[in-house]
Amino acid sequence: TSRALAALLICQSISPAIAQLVVTPLHDMVLDSNALVMGTSGNFSRTINGRTFQQDALITHQGYQYTAWYHNGANQDIYVSRRDLTGNTWETIDTGYDMINGNQTWDSHNAISMGISGDGRIHLAYDHHVDELRYLTTDAGFATSPSSVWKQATFEPERSSLNENGAPIPKVTYARFTNVGDDLALTYRD
């Protein structure tokens, strides 16, 4: 009875606060009217962009918002966009890299994870569901670079390790970047 009473008291104290919450949309924006939706035979879901387990599908860093997704083209290219928080215009880059593993069986677990490290590098881990790490990063400072620089794809060559010439990471699922101060950590299920 005391547990039920405690739960009832908590619900009663939260209820007025919830009643005061108001959510007002500021903008309705479409970044890509041809973003990838998998065929009806997709494993786990037809949706690969903005999956429920992605905790970083839209991130904010130093006055910008960023997102990454697969475009529905011949190669399911990976696009990265940013917008200045004071405006509604998104700047988009086709990284030139695409989904390979996930389109072999249309597997929606092969979502993109994005992080931005303290030195302004954009990091992408993508296209794995018990597959070898696919990892991209930019030069330092790229995330907040001027628009003239942003329009140029400056992603370093793809690698299967976190450090250049490091050991490949063979079985990655649910990659996720987490900022720890200026450092960036990658976690994943093995």
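Biologist: How many helices and strands does the protein chain have?

Modeller: The protein chain has 3 helices and 9 strands. Helices (H or I, at least four residues) and strands (E, at least two) are DSSP runs, numbered from the N terminus. Along the sequence they follow the pattern α-β-β-β-β-α-β-β-β-α-β-β. This is a predicted model, where local features need pLDDT of at least 70, side-chain atom pairs count only at pLDDT 80 or more, and totals for chains, interfaces and linings use all residues. Residues are numbered from 1 along each chain as its sequence is written, and side-chain values use heavy atoms, with hydrogens and water left out.

Biologist: Thanks! What percentage of the residues in the protein chain is buried?

Modeller: Buried residues make up 41% of the 190 residues. Buried means under 20% relative accessible area, exposed over 50%, and partly exposed in between (1.4 Å probe, protein chains only).

Biologist: And the largest nonpolar core, which residues touch the most other members?

Modeller: Tyr66, Met114, Ile122 and Leu124 do, in a core of 20 residues. A nonpolar core here is a set of buried Ala, Val, Leu, Ile, Met, Phe, Trp, Tyr and Cys residues joined through side-chain atoms within 4.5 Å. Strands β2 (64-70), β3 (77-84), β5 (113-116) and β6 (122-125) each supply at least two residues of this core. The largest share, 4 residues, comes from β2.

Biologist: What is Met114 in contact with?

Modeller: Leaving aside neighbours within four places in sequence, Met114 is in contact with residues including Asp56, Ile59, Tyr66, Val80, Leu124 and Phe177. Contact means heavy atoms within 4.5 Å.

Biologist: How about Tyr135 and Phe177, what sort of aromatic pair do they form?

Modeller: That one is tilted, at 6.4 Å centre to centre and 40 degrees between the planes. Tyr135 is in strand β7 (residues 135-137) and Phe177 in strand β8 (residues 173-180), so the pair ties together parts that are 42 residues apart in sequence. Tyr135 is buried at 5% relative accessible area, and Phe177 is buried at 7%.

Biologist: Now salt bridges. Are Arg82 and Glu91 buried or exposed?

Modeller: Both are buried, and their side chains meet in a salt bridge (2.8 Å, N to O). A salt bridge is a side-chain nitrogen of Lys or Arg within 4 Å of a carboxyl oxygen of Asp or Glu. The structure holds 6 of them.

Biologist: Which residues are linked in a network of salt bridges?

Modeller: Asp119, Arg121, Glu156 and Arg159 are. Arg121 lies in the loop between β5 and β6 and Glu156 in the loop between α3 (147-150) and β8, so the pair ties together parts 35 residues apart in sequence. Arg121 is partly exposed, with a relative accessible area of 25%, whereas Glu156 is buried at 17%.

Definitions and conventions: Phe/Tyr/Trp six-rings, centres within 6.5 Å; stacked < 30°, edge-to-face > 60°.
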